[in-house]
Amino acid sequence: AILVDAYANVKSHTEGSVGLVSDLSSVLAHEAKRLLLPGSSFISNQQLKQRLLQEKERMQQMQKVKLDISKRMAYQRAILIQGGVKVSYQELEQFIGKTGGGRVHPVEEKILGGEEEGEEGYGGAEESEAIHNLLDRYGEDLSELQDRRNQDFKLILEIENMRRLLSMNALQNQLVAQQKRIVQVMEGIAHQSSFTIPEEVVEGNTSSDPQGLLTLKLLSAEHLPKMDLLRSCDPYCILFLDGPGSRDSYMSGVVRKNVNPTWGETFQWRVFSSSSTVTISVWDKDNISKDDLIGTAYLDISSLTSSFSDEPIALSIENPKFYKKIKSARIFVQAKVTQMEDSDVQVLDGEIEDM
């Protein structure tokens, strides 16, 4: 009776109370449904409470995981002090632990068994939040810092490589200029000198007399590289025949903005017994800076006949400095060597004239 009166007193002060009979009927109906209905169509209060407790425990575990992840993320940040000193998360944690009263390092905590579940130790999450705040305000991302250092180092290497290439180019230009000066001096000496042919040398068969006439048609080239970044190739050729008596060198016309140029020009040399190779150097004309050497091709005249071949001769262009850029580059020529007695020319005072 006392329990019933107490229950009635509580229900009378509760908003929306329906009475003892209604509550008992609700409890009985709930128990009946829990016992009779299958579990897939009815969830009892006990099952609901158990699931809520499981969800609460899972959320607590997720909160711990988030805190652990945030700590690990914080380990990638550090406060940089002038002089190359880095203050990491662990060092801040130890410093705050010392100033706050004997904080145990989290690694030592795990080794020694840690604290009871649900406890955070001195400072707990608030201390971790404070360290994160410090690192967010004054810290630097170490991975980004390493990336910046790598980029700076790469830029330094690129600049050093450019300086090396410029130095090599300047040295090559100096060598070319020296070779040109030497050739000019030698040509001057040759023009000023007079030679006497020994009497014992058989007439008409001396090494100083021309043995024939070389005629070369410079036809075209293909797959020439662009030597400059912002503009196309403006190719031209310089041709000369080796040998002590073959001093003539020729320069072809410049074909503007074309990596597959066509020249269609003809050149001639007197051929001496020591003559063996025609050298064709291909250049890129540059109006601002010095002309760039694309590469060099060589024609062996020993296998030439007295008439032009039906098919053009394809010569590879060589330059070890730009091997990959010019490996498919070719220059096309036609050439023939006519014996002096068969050719319609005569040599007068060192010049070739038509008869």
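Ring pairs join Y250, F267 and W269 into a cluster. The exercises below explore this cluster and the strands of the model.

The model is predicted: local features need pLDDT of at least 70, side-chain atom pairs count only at pLDDT 80 or more, and totals for chains, interfaces and linings use all residues. Residues are numbered from 1 along each chain as its sequence is written, and side-chain values use heavy atoms, leaving out hydrogens and water.

**Exercise 1. Describe the aromatic pairs of Y250, F267 and W269.**

Step 1. Set the rule. Rings of Phe, Tyr and Trp (its six-membered ring) pair if their centres lie within 6.5 Å; planes under 30 degrees apart are stacked, over 60 edge-to-face, the rest tilted.

Step 2. Count. The whole structure holds two aromatic pairs.

Step 3. Take Y250 and F267. Their ring centres are 5.3 Å apart and their planes stand at 35°, so this pair is tilted. Y250 is in strand β6 and F267 in strand β7 (residues 262–271), 17 residues apart. Strands here are DSSP runs (E, at least two residues), numbered from the N terminus.

Step 4. Take Y250 and W269. The centres are 5.2 Å apart and the planes are at 75°, so this pair is edge-to-face. It ties together parts that are 19 residues apart in sequence.

Step 5. Check burial (buried is under 20% relative accessible area, exposed over 50%, partly exposed in between, with a 1.4 Å probe and protein chains only). Y250 is partly exposed at 26%. F267 is buried at 7%, and W269 is buried at 1%.

**Exercise 2. Where does D284 sit, and is D284 buried or exposed?**

Step 1. D284 belongs to strand β8.

Step 2. D284 has 0% relative accessibility, so D284 is buried.

Step 3. List neighbours. Contact means heavy atoms within 4.5 Å. Not counting residues up to four places away in sequence, D284 touches several residues, including M227, R231, Y236 and I294.

**Exercise 3. Which strands pair with β11?**

Step 1. β4 (residues 212–222) joins β11 (residues 330–339) through 10 antiparallel bridges. T215 stands opposite K336.

Step 2. β10 (residues 313–316) joins β11 through four bridges, also antiparallel. I313 faces V333 there.

Terms used. Two strands pair if DSSP finds at least two bridges between them.
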